[in-house]
Structures are given as C-alpha cells and as structure tokens.
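Take a look at the structure below.

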Amino acid sequence: MRAPPRRLWRLIMVGSEHIKMIPAPDKNIWSAEVNGAPVEVLVASNAILLDVLRDKVGTLGVKRGCDMGTCGCCTVMVDGAPRLSCLCLAGQVEGSEITTVEGLADGAHLAPIQSCFAEYGGSQCGFCTPGFLISAQALLNENDTPTEQEIACAIEGNLCRCTGYQQIIESIQGAAAIHRGEVAAAAPASDAHPDPHPDGPDEPNMPPGHAR
Amino acid sequence: MSGGYRQQPGGSGPTTRKDGKRVAGKQAFPPPGSGGSKPKMATRDLDFIPESVGGKEPQPAGSHIHDRVRTGTSVGKEMPLVDSNAKVTGQAWYGDDVRLPNEVIGKILRSPHHYARIKSIDTTRVEALPGVLAVATGADSPHRFGVLPVTKDEHAMAVEKVRHVGDLVACVAAIDESTALEALNLFDIEWEILEPVFDPKKGLEDADEPIHWRGKYHLAKTNVQKRVFQEFGDRSLVEKPHAESHGKWKMAGVHHGFTEPHAVVAHWDPNGRLQLYTPQQVPHYTHRALSTVLDVPMHQINVIRTFVGGGFGGKSDPFPHEMCAAILSRKSGRPVRITFDREEVYWINRGRHPSHIEVKMTADEDARISGFDIDALIDGGGFASFGHVTSYYNGVLATAPYELGSFHYTGARVWTNKPASGAMRGHGAVNTRCAVEVGLDEMAETMQVDPIDLRLANLLPPHSRTISGFRITSNGMREALEKVRTGSNWDEKFRKLPLGKGIGIGCGFFISGSGLPIHWDPNRFPHATVHMQVDMDGGVTVHTGAADIGQGSTTAVAQVVSEVLALPIEMIHVRSHESDTSPVDLGSYSSRVTFMNANAAIRAALEIREQLLNAAWEMLGYHPNNLVLNDRRIYYKHDPAVGVSYLKALHKAQEDKGALIASGAYRSPPMGGVHKGAAAGLAPAYSFSAYVAEVDVDVETGIIRCTNVWAAHDCGKALNPLAVKGQIIGSCHMGLGQVLSEQMVYGRTGHLQNANLLDYKIPSVHEMPHVEPIIIESCDPEGPFGAKEAGEGPLLPILPAVVNAV
C-alpha cells in the first residue's frame, strides 16, 4: 500500500503572528514532450509552466520578462499554438507537445524564421526574440503568405523595446518567403567548410599577370 | 596547365572523380588566398572602397584619414549582428540564465515607507528559519558608493534611513525562492516615519530632515543635490525681441522598459575571488563599487557581463542588489542568484527625470535666434545616480545645432522620496530638446515663416563652435533637414492638411561619447583600450571592454578589425564579457562605444597590419606602400599574382615573437572651455538629426496616432546600415512611447502606481508608425571610418516632431 503523500506545512504571517497555515502543494510527476523529447519532472501542483521550463526542464531560452502576460518573452508553442508560459499552470498542459525557441531549429539547420531574424536585424538585445520567434513561427505554420496586418496581429502580444517592430515584420516576411520556397534557406553555420585547410599554396605557380 | 599547382602530389591527373568527390590524396587547390569558409579569394569590393583611394564608394562629405586602410570587406555593409545566432537560438545567456551548481536564491526586503529612519532591525527570527543560509542588513555594508565619484550617496542596503518605497533594507539567501520570500516576513524592524518630499518644488525649500546630508557643502537644509548656472553670449540681444516664445513644461518620468529584469549571480571562488555575473552596460563601475563596498582590491573581483537584455541607460549604475548578492554569497559560501520581478525593476528605476522646464526664446528681425533662457527643475528621486551630469545636460545640450546670440541656463536637481532617476537614452537632453523645438515652432508661427526655414537659417555650420564652447566637427544637419523636407513632401503638407491631421518637424543634437572619462583624467589615461591577438590559426581575438547591450558594439568592433585586416568577419572573435580578460573600459553610455572603442580597435588592427605588411615585404621584396591587403592575401599592387597568403605572411611575422599582439587606445583631443561645467557635454563629435512626423488626431476624443515618420540621422558613416536603421526605428519607438503613452504615475500619497508593464504603456506593434530611416553620412574627421553615434541622438527629435505636428 502506498503511504499517503507527506505534506509540508508552510508558515505564513497572520497579523504579527507567524503560524502554520497552508499545506505546501503536492508534488507530482509532470510529463510532457518538450522540443520533441519526452520530459518527466517532479513539480508542485501549482507550478507555473515558465518556472518548470526554466528551472526543471532547463530550456533557458524561455525568458521571464514580467510574470503577468504583458511582454510575451515567455511565449512557447503548446500543441502548435503560442501560449504565454507565465500565465499557464504546468498542470494545464500536461502531456502536450511544447516547443520552445530551442526546438525551432532542425539540428544545425536554423529555422527560416531564426536566420531571418538575424539577417534582417529583427533581434537587437535579443531578450524578447525567443517569444517573437515562437509567435511568428506559429503564424507561419498556418499562413505562409501573411500580410503586414496579419503579422502585426500575430505579434501584438510581444513587446520589443529595441527594434520598433519594423525590422521584426521584415524578418517575418523574409521567413515567409523561405517557407513558400521562393528563397533558399541559409546553410548551417557549423557545416564543414569546403576547404578546411586555410593554408593553401602561397606562391601561385603562374607567370606574372596571370592572376585570376 | 591543368589548373593544378606544382605542389600537387601524383602528377597532373584530374583532381575530382566522376561523382564529384575529390580524388584521394589530391587537394583541389583553389586560387591564391584560399582559406576560411570561402575557398576563393574574394575580389576587392570596389563599391565599398572610397573614391579617394580608387574605389567607387561616393564620398559627398569628403575623404577621411582612415580611407587608405579601407579594404571593402565589411564597413558600410549591412551585416547581421555577430551574436545574433546565439540570440535566435535561445543560447544567449542573460543575467537569470547563469545557473551555477549549488546556487541559492537571494531576495531583497524593500522599504514599505517613503521616508523613515530605521531604529532597529532584528533578524533572529529570520536566521532561525530552516533553509535560510545568510542574512545581511545595512550594517554589513557601511561603505558608500555611487556611479559618479563626486556623488557617492548609495549603500548596498539602507544604513540609517530608507529614502523611497522600495529602497533596499535587508536581504536573505535561502535554499529556494519560497523560503527566501518567507524569510522576508520575519524581519522585525522598528521605524520612525519621517516627512517625505515628493514635489521637486518643495525640494528647493528647507526641510527638517534633508534626504541626504553633505555636511558643510550642503545648501542650507534643502534637498537640492545640484545647482547649475550658466550664461554665455550677449544678453542685451534679448531685450527687444522681434519674436518670442515662452513655454512651460511638466514632463513625467519615464522608464527604460527594457525587457530583461535585472538579475545578478555572485560567487566567491575557492581562491577568494569574487565572480559576479551581471547584465551591465558599464561593468567597470560595478567593479569599482564592489571593491569599495566589499573591501576587496579590484584585482580580486571578476565582473562578467552577461548578455544584456536591453539597457538604454538603465543598467549603467552600479546597483545595490549587485552588492547584496556579493555580500550574501560571501556569508553563505555559495553562489547567490538574485532576479528581480518587474515591480522591483521600477523600484530601482534610474529612468528619465521628471522635470519642470521653462524655455524662453527670442529672435531678432532677421529671424536669428538671439537668446535661449532655460530653467530646468529636475526630480532626481532618492539618490544622485548620474544626476550631476543630467543637471548640466538639460541646459548645455540645447545649445546646438543652432547659432545662438546668447544662452542662459539655470538648473537644479533635487532629491525626493521616489525611486532614483538616472540616465536614459538621450540622457538629460530629451525634455529640454522637446521644449526648445516646440518653442522654435511657436516663433515660426508668430513670424509667419516655415519652421524648417527658420531652422535652416539658424544652423551652426560644420567645424564651428557652439555658444558654450563645444567643438562641432562634422555636421549633417542641413542635409538632414533637406532630406526630410523632400522625403515627407513637407511643402505640400505643412499648414495644408485637413482638420485632424498634422505634420511637424523636430531636430536633435547629441554627444558622441562623453569627452570626460568619469573616473580618470583624459590627459593621463585613454578613453578606451582594445587588445588584439593573432595566433597561428589566423583568427583574430579582440579583447575589449565595450559592453554590447544589443546595439551591436561587438559587431562594430569586429567590423572595423575585419575591414583593416581584410579578413572575413567570422575570423574576428570579440571577447568582451569578462573584466579579467578585457582592458578597462567605461562601457556603454553617452553613445561612446562605436566612436571610442572602434577607434581604439582600428589602432590595434593597424599595428597588426603593419607587422603583416613588413613580413610580406621581406618575402616579396616590395615596400608595404606598394602592397595591397585583400581577402586573406597580400599582393603587389601592380601585379596581383605576386603575393603571399595572409597565413604565410602571418607565420613569417610570428617567426620571432610567436603570436602577434597589439594594443590600441583612443584618447580624445583637448577640447572645451575652462568655465565651471565646461566638461559636461563635451564630446569629440556630435550627431545631428531631423525628423518629420505626421499624426492623426481624433478631434473628438483627442486620441493621437502617429502614422508616418521620416527620420534623418547624421551618424557620420554608417558602419553597419542595418544596425543604424534599427537604432533609428527603435529610438522612434521609445520616443513615441514617452510622448504619447508612457508615464510613471505617482499617486497622491507618492506611491508609484504603475510598476508593471500592463499599466506602464509601452507602444505595441499596432501603435508604431511607419518609419522611414534616412541615414546621413557626414564623415566625421575623428570617427572610426567617419562614424559617429546612432544610439541616443535619434530619440531626441521624435518628441518635438510629434508635439509640433499636433
């Protein structure tokens, strides 16, 4: 027979008295699929998804900006839909598929949205970027020909203090073009270089003036 | 010849198989200069080599001393930030992302009172709580610190009295966050409530208990922290004005609103050295302050700047919570992490000063400005912070870009019982600039002239001096005004738009790097130093203390090095995170990084370049003057086939001394006058900008919507146009926030009422107008490749442009 779960009593202040009041929350195994990998961690029943992802799962790319759903830095994709992880109990999304910014890239291949944010200057200080990437990716998954208005509506829940949004919108449009197949995606930065020997022949065996 | 080289082993057979793969043992040797990620030497990009040295890059503003070292590699090209891949993959480590093994959580007890004396603090109950590892109070931090050496008035935790709600009282470190929060409830503190001051006007009067006391230097018993009085020019000019305007402004405080809350991790390593991880714009100030507060020499402290999630001036003070983390870590023997929630960010503040500004200005018959008379009363909050400088900037940064007949400025900064104000993008200049520009429009109205014409008629020319003695070098103001005038179709729109629509102009002027390094004499030590090392692999490691806060300073430094040495930018590795490895640097404030650090980097790179060319001279027999440095290859000017690869030249240069090392420094030329406060606002160069804004006003509700902005900014030379445009648009965003929606609201009882991002209205994507960034290149004679700042200046003109449009 399983022993009843041990309850930790929490101390709280009532007036000037310091008394044992509320039992600490139960801890349960929480399981979900984060970035394609199954995750099982022990979390309190009132744990916030953001805390679980940052402190237990270790996806530190999910940022904490405001804790009240105003900045959008903590946006993650839950079963394909963007969601603010600071306003979401871990228990609410138990068993679902969660994608954070770490899960956008396919191995070394950056997702189009990621390479475009770099290329078009959509990221300056980069703190809000993970949230923007998730919101934008969720939009692009459904719509690869978004208008400027649709993009604005998709990222309206995200605050950016550096870029003034204009270059973010350009980045998303650039990524949409890659999604449509109009533009080729960039090669991963960690690909083997075509010539791994930087010290090539130093003296060209060519007559003067024959240079290419 | 079959395309191969003599070195090729195994004769001259084909080097590739039918399936396209390389034949074993055969190297598909690319043409000379091979290496790096691109096997072929790039041709010289003449589009990015200035005309003066034989390229095709137009130079309307003339040639520059750095032109001869341009190689067309990266300056002037749109480049993604070098750290952007870390940012888009979530691997950039910000303050709260530093997780050390065995870490504990620190929490800060904050004052519930505006102004109160701490009679006693009893921590016995806190220490008794299981899970609490360390407790610290003001008694553990008796030393004062402050960002400016002249105004050190902060303690890590309140020593005698708290000066605003949210002031630090004590801190605890505990095994987890809930225990730490719980422990905060267990402090027994006896308070003696004092009479608080909220209105800066009241701060001018004598108080029973001034917020700070400076002994015999204190001004009576007031709360005045700094008074400034300046007068230049001929004041008789203003006696009979042809036109005048008089504006009275009350500006609310605004906050930087960076998305990353402050966070810090402190760790005393086993050797007794403090390792402090903090998102800081100016790690060096923190370094100094830590040394003072902890009574530890500076060389026993390593300040590690994490990625900074937005600074805008708000992360440039040494902060008390950084000291708290270090104290707690010292007491508990474990790494301590303190992360702020959003409310705490507002308690620490350092945002723009709330201020009362009065501007009187006059013009003579020829519509020339005969006088500015500015009075600024600024509300500093509980501490001095950068306030000493702000008091000057409110006046002196209004003296340009116009030629004035006379200038009169009185300013005062007072302490009040609010969170301290400090430096924020456009430090000190924004509020007065808005008042001045709107005043100019008023005068234009009375004189019935076009406001752009009025401004054009009064501009200072390039290479001139402002009335307060600032040395103006390059000046693209005229071009900027003309560009926005044509760009916005001003002549067709101004005074001709229907009711509810408007168009307005604003100009800006800002320093490009403060001429005075705060902590030392500029004549003795340089402003910025950059170290550079090139090892056998050919990669260049650059050590600089420039703090990248998202503006792309790391990229700028990498770019100039890449330009001078003609190496692809991925071969330049900038190391700027640790104070152990980077030379002392004043960090990112006053828009100094691009100007000063890039200049220092150029100097170091030139030294490396010289060594490479000398080695090539020895190998080729041609004097360096006749050698061309191009993409990973050095060759004879008149015959590109005669040359050596970069690596061969490098190895030759290394034969005697191993790795090539160079150090470059930047110091500003002697400038400025001798009057009191002459150093405030001095800079080796100044940036100029002119914006036109178009607004829609709902005449019934009064809702203002900015629809279009034409933003011309003179940044000297755009090293990276992508980043410059980003800065211009971002500045518009921040400025629009201040002028239309953002405000720190203090209630009747002096409480800050909107200490969160829901009630503090930062414009979202829907509020952003379309911004047309226009880059003006005036080629500053002292800037790196002609560059000046582009980070703060672009913010100034958007406020008056919108106000004038309304």
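Along its sequence, chain A runs β-β-β-β-α-β-β-β-α-α-α-α. That pattern holds five helices and seven strands. Helices (H or I, at least four residues) and strands (E, at least two) are DSSP runs, numbered from the N terminus. Of the 212 residues in chain A, 48% are buried. Buried means under 20% relative accessible area, exposed over 50%, and partly exposed in between (1.4 Å probe, protein chains only). Contact means heavy atoms within 4.5 Å. Among contacts in chain A with a separation of 6 or more, 50% join residues 24 or more positions apart.

This is a predicted model, in which local features need pLDDT of at least 70, side-chain atom pairs count only at pLDDT 80 or more, and totals for chains, interfaces and linings use all residues. Residues are numbered from 1 along each chain as its sequence is written, chains are lettered from A and ligands numbered from 1 in the order in which they are written, and side-chain values use heavy atoms, with hydrogens and water left out.

Now for helix pairs. Two packed helices are described by the angle between their axes and the distance between the axes. Axes are lines fitted to C-alpha atoms, for helices over the stretch in contact, and angles run from 0 to 180 degrees between N-to-C directions. Angles under 35 degrees count as roughly parallel, over 145 as roughly antiparallel, 65 to 115 as roughly perpendicular and the rest as oblique.

Find helix α13 (residues 553–565) and helix α14 (residues 593–620) in chain B. Their axes come within 8 Å and cross at roughly 30 degrees. So α13(B) is roughly parallel to α14(B). Their crossing is right-handed. A crossing is left-handed if the near helix is turned anticlockwise from the far one by less than a right angle, and right-handed if clockwise. On the α13(B) side, the contact includes B:V557 and B:V560; on the α14(B) side, it includes B:N597 and B:A601. By class, this contact of α13(B) with α14(B) has 13 nonpolar, two polar and one charged residues. Ala, Val, Leu, Ile, Met, Phe, Trp, Tyr, Cys and Pro count as nonpolar, Asp, Glu, Lys and Arg as charged, and the others, Gly among them, as polar.

Next come helix α10 (residues 451–458) and helix α11 (residues 477–487) of chain B, with axes 10 Å apart at an angle of about 165 degrees. They are therefore roughly antiparallel. The crossing of α10(B) and α11(B) is left-handed. B:I452, B:D453, B:R455 and B:L456 of α10(B) meet B:R478, B:L481 and B:R485 of α11(B). This contact of α10(B) with α11(B) has three nonpolar, no polar and four charged residues.

Which residue's side chain joins B:N597 in a polar contact of 3.0 Å? The partner is B:T544, found in strand β20 (residues 540–544) of chain B. A polar contact is a pair of N or O atoms within 3.5 Å; within protein, one must be able to donate a hydrogen and the other to accept it, and residues adjacent in sequence count only if both atoms are side-chain atoms. B:T544 counts as buried because its relative accessible area is 1%.

Last, B:K77 lies in the segment before α1 (84–88) of chain B. At 18% relative accessibility, B:K77 is buried. Its side chain makes a polar contact of 2.9 Å with the side chain of B:D45.
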